[in-house]
Amino acid sequence: MNYQFNWSVLWSGQTGAWLLQGLLVTLEISILGWLLAVMLGLFSGALRTVPIAPMRWLAAAYVEFFRNVPLLVWMFFWYFGISPLLPQVLRDWLLEHGAEFSAGVCALGFYHGARFSEVIRAGIRSIPKTQFEAALSTGLTIAQAYRLIILPIALRLILPPVTNETLNLLKNSSVALTIGVAELTFQTRQIETYTAKAFEALAAGTVVYLALCLAIAAAMARIERRVAIPGMISRGRTGGG
Amino acid sequence: MKRPLVFIWLAVIFCVGNVPLVGAENTLAKIDKSGNLTIGTRRGSPPFAYVNPNNEWVGFSIDLVEKAIIPALNKKLNKQIKLERKESTPQTRIPLLTANAVDLIAETMTDTQSRRESVDFSLTFFVTGAQFLVKKGSPIKGIQSIANQRIAAQQGSTNAKIIRARVPNAKLLEFPDQPAAFQALAQGQVQAYTNDGIQLAGLRAKAPKPDDWAIVGEFFSYEPYGMAMRKNDSDFRHVINVGLMDAIESGLYFQLYEKWFGPKGEVPYPLPAETKRFLQMQVVPK
């Protein structure tokens, strides 16, 4: 290839600092987005299993609406669509305090909340009805059955898909660069602008995302093993225990 | 059943292994063999390279390639070369070149010293500089009045770099493309949008109400546009430069300029006398 690699652009000058800043912003927006997504997901996921029909419809509407529109559109929606509707005072305050960042958190949170919701609903639904009936027959109330039997098992069951969604959310945070959030991918582009070294900049970004995702996956796998109920959820490696 | 598979794998390995060999070949030989000149250009940078209302991919940069460079290539290689267009962006244009996906970048790429470490440039075919697009009547009059203001810029442009260095307390917001930046300006999320003057003129001309917008300030940067190509291929570069020099000398360049930037062009932008002189002085004797 007719290209001179110059890896030193990644640590000379300001580039190292940019990558670090980008990493911090990616982490901030992902963590806040994740918290919002998990709250919305738990709430709407639970609502979809309750016996009150209008609440189920409401939760279903939220899920279908938010997960079936591209994330990029949601980014623009929260940044360009919502902001003009706000009162001027609030708008000015937001513009001074990172309007793009908050729009990014909302877009990520609402979009992934809809996806988390499905994961949580699937987790609750995957527990056989007999389990619930057995719990009731031992004298537990419905709330107790949910709290002591259904949810503890469901939350363990959904750990693998939750890991998956978490990794997706982290990687999707890069879409926020379209509304000017200076996250990791943004900063790798910035490095390209300043040094014209596209391959090196992209490689650096790739390595950082890979490391972050592997770290999250490893941490989640550890939690999964920690909380596994022997004989309940069989994991290949632990041999059912 | 095993053996054919081995052959397939060998064929795959052979093909993959061959890619660097293609890269080592010079661009003229590649064009001679394929009969195509592949350029990386833009779909949304009027009037340099854009898709017009008739759905044709045209523009000043593309015209220069079609009418000045292709004839020079035809003459050099003694055959008819076809033009192929591919989309390139500030982030992908250098990788596209080095990966041999395109042979020439012909859009609105500023020639800079740091870019010259990765690619080679033709002679300069357009000169502009950064200015600001603001709502008419805005207090922003140029780079001197942007302190503490929210300013949008296009990421990957040289302008953002200069603002960051010269007015560190301006609140710079970078968008990956022109439409998002303009939307932010239209909604008042930012007070001004900075880009190369000619690009702002293009944007203003295409806006629903051009008279609502004003382009303000002296050029605060120097943006000479060049066509980029793979490094260390001076034969190819020479053909490109001969094409451009012949066009300037014969007046073809100025006809094309008139077509796109003249009073009846897409984006009226009179050619300053000193720029005309500069273009002519780049032409070396035959």
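This tour moves from chain A as a whole to its last helix, then to aromatic pairs and finally to a sheet in chain B.

The model is predicted, so local features need pLDDT of at least 70 and side-chain atom pairs count only at pLDDT 80 or more, while totals for chains, interfaces and linings use all residues. Residues are numbered from 1 along each chain as its sequence is written, chains are lettered from A and ligands numbered from 1 in the order in which they are written, and side-chain values use heavy atoms, with hydrogens and water left out.

**Chain A and its helix α10**

Begin by selecting chain A, whose secondary structure comes to ten helices and zero strands; helices (H or I, at least four residues) and strands (E, at least two) are DSSP runs numbered from the N terminus. The C-alpha trace of chain A spans about 70 × 55 × 30 Å along its principal axes, and 41% of the 241 residues of this chain count as buried, where buried means under 20% relative accessible area, exposed over 50% and partly exposed in between, with a 1.4 Å probe and protein chains only.

Next, select residues 198-227 of chain A, the helix α10, which has 30 residues and reaches 44 Å from its first C-alpha to its last, close to the 44 Å expected at 1.5 Å a residue (the expected span being 1.5 Å times one less than the number of residues). Among the buried residues of α10(A) are Ala201(A), Tyr209(A), Leu212(A) and Met220(A). The buried residues of this helix pack against α1 (15-47), α8 (159-172) and α9 (184-195) of chain A, together with α4 (93-98) of chain B, a contact being heavy atoms within 4.5 Å.

**Aromatic pairs**

A search of the whole structure finds 37 aromatic pairs over all chains; rings of Phe, Tyr and Trp (its six-membered ring) pair if their centres lie within 6.5 Å, with planes under 30 degrees apart counted as stacked, over 60 as edge-to-face and the rest as tilted. Select Trp74(A) and Phe77(A), whose ring centres are 5.3 Å apart with the planes at 90°, so the pair is edge-to-face. These two residues are three apart in helix α3 (residues 71-82) of chain A, a separation of about one helical turn; Trp74(A) is buried at a relative accessible area of 3%, whereas Phe77(A), at 36%, counts as partly exposed.

Moving to chain B, select Phe48(B) and Phe261(B), a tilted pair at 5.5 Å centre to centre with 50° between the planes. Phe48(B) lies in the loop between β2 (44-45) and β3 (49-51) of chain B and Phe261(B) in helix α10 (residues 252-261) of chain B, so the pair ties together parts that are 213 residues apart in sequence. Phe48(B) is buried, with a relative accessible area of 1%, and Phe261(B) is buried, also with 1%.

**The five-stranded sheet of chain B**

Finally, select the open sheet of five strands in chain B, which has the order β11-β10-β12-β9-β13 and mixed pairing; two strands pair if DSSP finds at least two bridges between them. At the edges stand β11 (171-175) and β13 (213-216) of chain B, each with a single partner strand, so one side of each is left without a neighbour in the sheet. Five bridges join β10 (residues 150-154) of chain B to β11(B), and the two run parallel; Gln154(B) stands opposite Phe175(B) in β11(B).
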